[in-house]
Amino acid sequence: PASVLIDDLGPYNIRYWRLFHWENDEYREYGDMQGVLSPGAAMWLVTYNGMTFYIDSARSIDTRAGNTIVLQPGWNQIAGPFAFSVAWADVIALNKTDPSVISEPYFYDGAEYVPGRQAVQPWDGYFVYNDSFQPVSLSVPAVEAPPGLRKASSDGPLTPNHGYFVQII
């Protein structure tokens, strides 16, 4: 995370920015996280006064093979692994997954978690529930969602008026 965030946000300082990831039924803070930023992993970025970051040379992962996200039993925090939207129905169809085992994605809209997302959007994070007692590998196909399910081009980063700002990445 430091290679992506420090050049814009400065050294890690909990007064100005904090980074969290959901691991094993609890939030882990930067420095305590087991992993790194990886395709399909979502994190919470909390910044003071809406500080933002930019990625100078971002690339989508290789689309020839898709992406696999391992879902542990219970709630998992995931992200869209590609630079384009992927229909959730395509994810479920590819995995031949029983819909009662893997929940639909829940998106935080700034006030509450909202179910019913029909597509996983780039740069958005979601919670997904694995209702089995074992890890499930969820393959995300490298297939762009139909136009009606893609994120509107007018969607952009939210900007606060003052104080702390929370964004899922």
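Which exposed residues does the face of α2 turned away from its buried side carry? They are A89 and A93, where exposed means over 50% relative accessible area, buried under 20% and partly exposed in between, with a 1.4 Å probe and protein chains only.

This is a predicted model, in which local features need pLDDT of at least 70 and side-chain atom pairs count only at pLDDT 80 or more, while totals for chains, interfaces and linings use all residues. Residues are numbered from 1 along each chain as its sequence is written, and side-chain values use heavy atoms, with hydrogens and water left out.

**Confidence.** pLDDT is the predictor's confidence in each residue, from 0 to 100. Its mean over the chain is 79, and 82% of the residues reach 70 or more. Residues 153–165 have pLDDT below 50, and this stretch has 18 contacts in the model beyond near neighbours in sequence. A contact means heavy atoms within 4.5 Å.

**Overall layout.** The chain contains two helices and twelve strands. Helices (H or I, at least four residues) and strands (E, at least two) are DSSP runs, numbered from the N terminus. Their order from the N terminus is α-β-β-β-β-β-β-α-β-β-β-β-β-β. Of the 169 residues, 40% count as buried. Among contacts with a separation of 6 or more, 71% join residues 24 or more positions apart. The chain exposes about 9800 Å², of which carbon and sulfur atoms supply 52%; accessible areas come from the Shrake-Rupley method with a 1.4 Å probe, and for residues only the protein chains shown count as cover.

P1 lies in the segment before α1 (2–9). P1 is buried, with a relative accessible area of 19%. Its C-alpha atom is separated by 8.2 Å from that of Y30, 29 residues apart along the chain.

| Pair | Sense | Bridges |
|---|---|---|
| β1 and β2 (residues 26–29) | antiparallel | four bridges |
| β1 and β3 | antiparallel | four bridges |

F20 stands opposite E29 in β2 and opposite W44 in β3. The hairpin of β1 and β2 has two residues between the strands, and N24 takes a positive phi near 50 degrees there. In β3 (residues 44–48), four of the five residues are buried.

**Helix α2 and its cover.** In α2 (residues 88–95), the residues W88, V91, I92 and N95 are buried. These four lie on the same side of the helix because they cover an arc of only 95 degrees around the axis, the arc being that of the directions from the helix axis to the C-beta atoms. Their cover includes β5 (74–79), β6 (86–87), β9 (119–120), β10 (125–130) and β11 (136–140). Just after α2, K96 takes a positive phi of about 50 degrees.

**Nonpolar cores.** A nonpolar core is a set of buried Ala, Val, Leu, Ile, Met, Phe, Trp, Tyr and Cys residues joined through side-chain atoms within 4.5 Å. The largest has 17 residues, of which L71, I78 and W88 touch the most other members. At least two residues of this core come from each of β4 (67–71), α2, β10 and β11. Not counting residues up to four places away in sequence, W88 touches I78, I102, S103, E104, P105, R117, Q118, A119, V120, V128 and L138. A second, separate core has seven residues, including L5, W17, L19 and F53.

Note on methods. Pairing = 2+ DSSP bridges.
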